[in-house]
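Q: I am new to this structure and would like a short tour. Shall we look at it together?

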Amino acid sequence: MSLTATLLQLSLLHILMAMIPGPNTVVVSYVSARVSRRAGMMAVGGVVLGSAIWVTLSMFGVGVLLLEAGFLYRALRWLGAAYLVYVGIRMLRAGIMPIDAQRPPQAARAPLLAGLLTTLSNPKSAVFWTSVFVVVVPAHAPAWFYAAVVALIVVQSFAWYAFVALALSTNFARRHYLRFAQWLDRLAGVIMIGLGLRLAYELRNELVGR
């Protein structure tokens, strides 16, 4: 397979993975609709930066090292699960309190950091990309190819999540969001808590199965 075809294959794989709703989508959607378009784009910047970090680390085999150092890998995933639950609880609390008594949760006050930490909370990304590189990328691929992969992930991540942010920060979307703000905050919080608990449940099953 040519390097161009490999890039196209990686491009398709990444954009399909990005489009599957997950913590990144929840954070970007929540901040865009609840705060502003600018805040939503800052959250996008955090997600893109986090994605670039995991992909770059994967190229240096960090995913393999995490799997070999099982304790470290599990510890990072526990931290990731705890962070998702923490963010979910803050969102849930924002949805329970009266609007005029609310203090914006951390995701709304520091959207860039929220996007970055949400992306970094999933070390499985490093393992996933390491596996993909081993299977798909030809041996001894030139340096420009790896630079192109990082650039591709950055551009596609930005394009998709920016689309989400722009769509949900329109006057129409924000007006309807504000009508149901408390219920939607609760929903976002429940989703984030659920994602964190699912990760914790997977970790528990791995420990029990050992």
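**Overall fold**

A: From the N terminus on, the elements of the chain run α-α-α-α-α-α-α-α-α-α-α. Please keep in mind that this is a predicted model.

Q: How many helices and strands does the chain come to?
A: The secondary structure consists of 11 helices and 0 strands.

Q: And what share of the residues counts as buried?
A: The chain has 210 residues, and 46% of them count as buried.

Q: What part of the contacts links residues 24 or more positions apart?
A: Among contacts in the chain with a separation of 6 or more, 85% are between residues 24 or more positions apart.

Q: Changing topic: where is the largest pocket, and which residues lie nearest its centre?
A: The largest pocket is lined by 28 residues, and Met-17, Pro-23, Asn-24, Asn-122 and Ser-125 lie nearest its centre. Two or more lining residues come from each of α1 (3-19), α2 (23-34), α3 (37-59), α7 (111-120), α8 (124-136), α9 (143-168) and α11 (181-209).

Q: What is its volume, and how do the lining residues divide?
A: The largest pocket has a volume of about 810 Å³. Its lining divides into 14 nonpolar, 11 polar and 3 charged residues.

Q: What is the volume of the second largest pocket?
A: The second largest pocket has a volume of about 250 Å³. Its lining has 14 residues, of which Ser-29, Tyr-30, Leu-168, Leu-184 and Ala-188 lie nearest the centre. The elements giving two or more residues to this lining are α2, α10 (171-179) and α11.

Q: Which of those elements gives the most?
A: That is α2, which gives 5 residues to the lining of the second largest pocket.

Q: And by class, what does that lining have?
A: The lining of the second largest pocket has 11 nonpolar and 3 polar residues, with no charged residues.

Q: Now the aromatic rings: how many pairs does a search of the whole structure find?
A: The search finds 3 aromatic pairs. One of them joins Trp-144 and Phe-145, with 6.1 Å centre to centre and 75° between the planes.

Q: Why does that pair count as edge-to-face?
A: The angle between the planes of Trp-144 and Phe-145 is 75°, and planes over 60 degrees apart count as edge-to-face.

Q: Which residues form the aromatic cluster?
A: Trp-144, Phe-145 and Tyr-146 form one aromatic cluster.

Q: Is Phe-145 buried or exposed?
A: Phe-145 is buried, because its relative accessible area is 0%, and buried means under 20%.

Key. Residues numbered from 1 in each chain as written. Predicted model: local features only at pLDDT ≥ 70, side-chain atom pairs only at ≥ 80, totals over all residues. Heavy atoms only, no water. Helix = DSSP H or I, 4+ residues; strand = E, 2+ residues; numbered from the N terminus. Buried < 20%, exposed > 50% of the residue type's maximum accessible area, 1.4 Å probe, protein only. Contact = heavy atoms within 4.5 Å. Phe/Tyr/Trp six-rings, centres within 6.5 Å; stacked < 30°, edge-to-face > 60°. 1 Å grid on protein atoms, 1.4 Å probe; cavity = no way out; pocket = protein on both sides within 12 Å on 5 of 7 lines; lining within 4 Å. Points joined across faces, edges and corners; volume = space filled by probe spheres on them. Nonpolar A, V, L, I, M, F, W, Y, C, P; charged D, E, K, R; others polar.
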